[in-house]
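Open the model in your viewer and keep the selection panel at hand. The tour moves from one selection to the next.

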Amino acid sequence: MREKINSTAFAERMGAYSHGYRVNIGDAELIYTTGQIGLDEKGEVVYPDDIGKQTEFVFESLEKILEDAGSSLNEVVKATIYVTDMADFTEISKVRNKYFAKSEPVSTLVEVSRLVKEGCKVEIEVIAVHEKK
């Protein structure tokens with residue numbers, strides 16, 4: 001069984017997608033999030049000149065989606081990070097390490113030529129495993 005997660009913490013979605021999906025796998029649930037970028041509730045890019053703050057914003061967005069699913073960043077097992085400039089790795093890594101201090105997920109970081117919105121420099125998607133109680 002699967003269930004859509006559409007967080008009320010965000011503005012209206014800009015297309016036919018969900019913020020995440022919860023997939024029942026027996027004693028646990030897999031939580032998949034859509035890639036998050038630095039857009040505020042009005043669809044405006046946040047911190048286009050500060051990769052550290054933009055990355056913080058993205059992690060806060062991921063945290064909201066996971067909380068709506070009954071999970072948290074502490075349950076993340078896989079992260080995929082897309083960056084537009086590999087030179088930003090050090091700043092992104094500092095923020096990543098803060099948010100993933102407990103879960104220490106496996107990760108992939110890839111440089112891409114651009115993201116969906118000009119000014120967004122990082123996009124992150126995660127998979128979490130939430131054990132049912």
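Start with a definition: rings of Phe, Tyr and Trp (its six-membered ring) pair if their centres lie within 6.5 Å, with planes under 30 degrees apart counted as stacked, over 60 as edge-to-face and the rest as tilted. This is a predicted model, in which local features need pLDDT of at least 70 and side-chain atom pairs count only at pLDDT 80 or more, while totals for chains, interfaces and linings use all residues. Residues are numbered from 1 along each chain as its sequence is written, and side-chain values use heavy atoms, without hydrogens and water.

**Stop 1: the aromatic cluster.** Select F59, Y99 and F100. They form one aromatic cluster. The structure holds two aromatic pairs. F59 and Y99 are stacked, at 4.9 Å centre to centre and 5 degrees between the planes. F59 lies in helix α1 and Y99 in helix α2, so this pair ties together parts 40 residues apart in sequence. Helices (H or I, at least four residues) and strands (E, at least two) are DSSP runs, numbered from the N terminus. Now turn to F59 and F100. Their ring centres are 5.2 Å apart and their planes at 80 degrees, so this pair is edge-to-face. F100 sits in the loop between α2 and β5, so the pair with F59 ties together parts 41 residues apart in sequence. Both F59 and Y99 are buried, and so is F100. Buried means under 20% relative accessible area, exposed over 50%, partly exposed in between (1.4 Å probe, protein chains only).

**Stop 2: helix α2.** Select residues 89-99. Which of them are buried? I92, S93, V95, R96 and Y99. Next, show α1 (51-68), β4 (76-83), β5 (106-111) and β6 (122-131); the buried residues of α2 pack against them.

**Stop 3: the largest nonpolar core.** A nonpolar core is a set of buried Ala, Val, Leu, Ile, Met, Phe, Trp, Tyr and Cys residues joined through side-chain atoms within 4.5 Å. Of its 22 residues, F59, L73, V122, I124 and V126 touch the most other members. α1, β4, α2 and β6 each give two or more residues. α1 gives the most, with six.

**Stop 4: L62.** Select L62, in helix α1. L62 is buried, with a relative accessible area of 0%. Beyond four places in sequence, its contacts (heavy atoms within 4.5 Å) are T33, T34, Q36, L73, I124 and V126.
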